[in-house]
Amino acid sequence: LKLVVVWLKFERRIVSWTSQTCKAVNMLSWLAEKVTDTAKYLLGIHELDFYPDQDSEVEPGKLSIISGSLEELDPPISAELFFSEVEAYLRWPIDPITEFVLKSCEVTENSPDEFWVKVVLDGKKLDSWGRGRGDGCDRVKSWKKIIINRKAMSLRTEDYVPEVVFGEWADKANTDTLVNAFELAMLKEPTRCEYVLLKDGERITSADLVGIMYGTFDPLIKGIKAQLNAKVQVAEADSIQVSGKKSIVSGPMDEFIDFDTYFDSMVVNTRKFFENFPDTAIEDVSESAFEAKTTVKKSDDTEALEPKKVSWNKETGVLTIEFYTVGAESVASKSYRVLHKSPLRMEAWVEDEKGERSMTRGLLKQVSTEVNTTIG
């Protein structure tokens, strides 16, 4: 429990660094899941168990890390689905924290089975949060070459910047030197996966590596399970609310829930989330609005309030969350949820301080989780 408290305090500091961005709602939702996932990690509970220092089935006579059976998961996950999701992750390895400072994620195709992925963080944003170099220099968080053998369902990734230390500054990053390589292969009877890290001529298959890789595989498998269990699909589509715009839109939900129940649950769940947020006080503004004021430390160690205002109108089906900069100087971003009738569908989007819309994979996954959790 003490470790969970420490994690909460750490995540609170992350929020103070990132709340001024247009994607703050994704971060807050991610943090709520992260605290739960961290508690599971401390208890040794994982979506799929991995075992260190096992006899390799791909290279007999050597050691590897091998997973438990994907067939025994609930629901079972096929080798094809798992492998395709690993590839999708490698093409877009962006979590909600990284989205805040993301400048670009470039995918360069050499062939259908070989491609490069370069993730670049915005130096100016890093500077503004006290995490940059001070001169606006971008940072290359990761720079990978991925080689896939689809017939064997195996792949190799090659890292050219040290991702474990958040990469390298853009004016120093290059592909001259291989930092390390990672190899993964699917196994049969039962369906499992095997992987190994290769660094400086050494084959790393330790329990420490297993612990690190749970940070990637747990959310990956959790996402696959959510996808398989989803009663309602969610996708980027033409906005129902504003013609000519794009939004995240759910499929019809009428057979699972009615308008009043869904809308009331959405309001209650939003309030509960902020009530459980560290160092946050809730203040009712009206019957259809409240403020969540979080006390955060600024870079000079002084304290300031970071307000979030939640308001809703059941007549129109709209719930809005306004995220303010530290000190409540201005609105940094707005997050919208709109519940439509006939058919019953959820629409969502985020706007930055200029009113420009943002739809990310993180938001899509979050709305899918919200929708399918609410309908039960």
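Which residues is Ser-247 in contact with, leaving aside its neighbours within four places in sequence? The contacts, defined by heavy atoms within 4.5 Å, are with Ala-235, Glu-236, Ala-237, Ser-239, Glu-347, Ala-348, Trp-349, Arg-357 and Met-359. The structure is a predicted model, in which local features need pLDDT of at least 70 and side-chain atom pairs count only at pLDDT 80 or more, whereas totals for chains, interfaces and linings use all residues. Residues are numbered from 1 along each chain as its sequence is written, and side-chain values use heavy atoms, with hydrogens and water left out.

Ser-247 is found in strand S12, residues 246-250. Helices (H or I, at least four residues) and strands (E, at least two) are taken as DSSP runs and numbered from the N terminus. With a relative accessible area of 0%, Ser-247 is buried; the term buried denotes under 20% relative accessible area, exposed over 50%, and partly exposed the range in between, for a 1.4 Å probe and protein chains only. The side chain of Ser-247 is joined to that of Glu-347 by a polar contact of 2.7 Å. A polar contact is a pair of N or O atoms within 3.5 Å; within protein, one atom must be able to donate a hydrogen and the other to accept it, and residues adjacent in sequence count only if both atoms are side-chain atoms.

Ser-56 is buried, at a relative accessible area of 7%. The side chains of Ser-56 and Glu-194 are joined by a polar contact of 2.5 Å. When residues up to four places away in sequence are not counted, Ser-56 touches Lys-62, Leu-63, Ser-64, Glu-194 and Arg-203.

Glu-194 is also among the residues in contact with Glu-183, whose other contacts beyond four places in sequence include Glu-59, Leu-155, Arg-156 and Tyr-195. Glu-183 lies in strand S8 (residues 180-187) and is partly exposed, with a relative accessible area of 23%. Its side chain makes a polar contact of 2.8 Å with the side chain of Arg-156. Glu-183 and Ile-146 are 37 residues apart in sequence, and their C-alpha atoms are 9.9 Å apart in space.

Helix H7 comprises 17 residues (259-275), which at 1.5 Å a residue should span 24 Å; the end C-alpha atoms are 24 Å apart, in agreement with this value. The expected span is 1.5 Å times one less than the number of residues. The buried residues of H7 are Phe-259, Tyr-262, Phe-263, Met-266, Val-267, Thr-270 and Phe-274. They cover an arc of only 135 degrees around the axis, which puts them on the same side of H7; the arc is that of the directions from the helix axis to the C-beta atoms. The N-terminal end of H7 is capped by Asp-258, a side-chain oxygen of which lies 3.1 Å from the backbone nitrogen of Asp-260.

Lys-341 lies over the face of Phe-259, at 4.6 Å from the ring centre, and Arg-271 lies over the face of Phe-290, at 5.2 Å from the ring centre. A charge is assigned to a ring if NZ of Lys or CZ of Arg is within 6 Å of the ring centre and within 35 degrees of the ring normal. Rings of Phe, Tyr and Trp (its six-membered ring) are paired if their centres lie within 6.5 Å, with planes under 30 degrees apart counted as stacked, over 60 as edge-to-face and the rest as tilted. By this rule, the count comes to twelve aromatic pairs. Ring pairs link Phe-50, Phe-82, Phe-182, Tyr-195, Tyr-214 and Phe-217 into a cluster.

Backbone geometry was also examined. The peptide bond from Asp-74 to Pro-75 is cis, with omega near 0 degrees, and Pro-75 lies in the loop between S2 and helix H3 (79-91). The peptide bond from Ser-342 to Pro-343 is likewise cis, with omega near 0 degrees; Pro-343 occupies the loop between strand S17 (331-340) and strand S18 (345-352). Met-153, a residue other than glycine, has a positive phi near 50 degrees. Met-153 is placed in the loop between strand S5 (139-149) and strand S6 (154-159) and counts as buried at 16% relative accessibility. Glu-189, although not a glycine, has a positive phi of about 50 degrees. The loop between S8 and strand S9 (192-199) holds Glu-189, which is exposed, with a relative accessible area of 79%.
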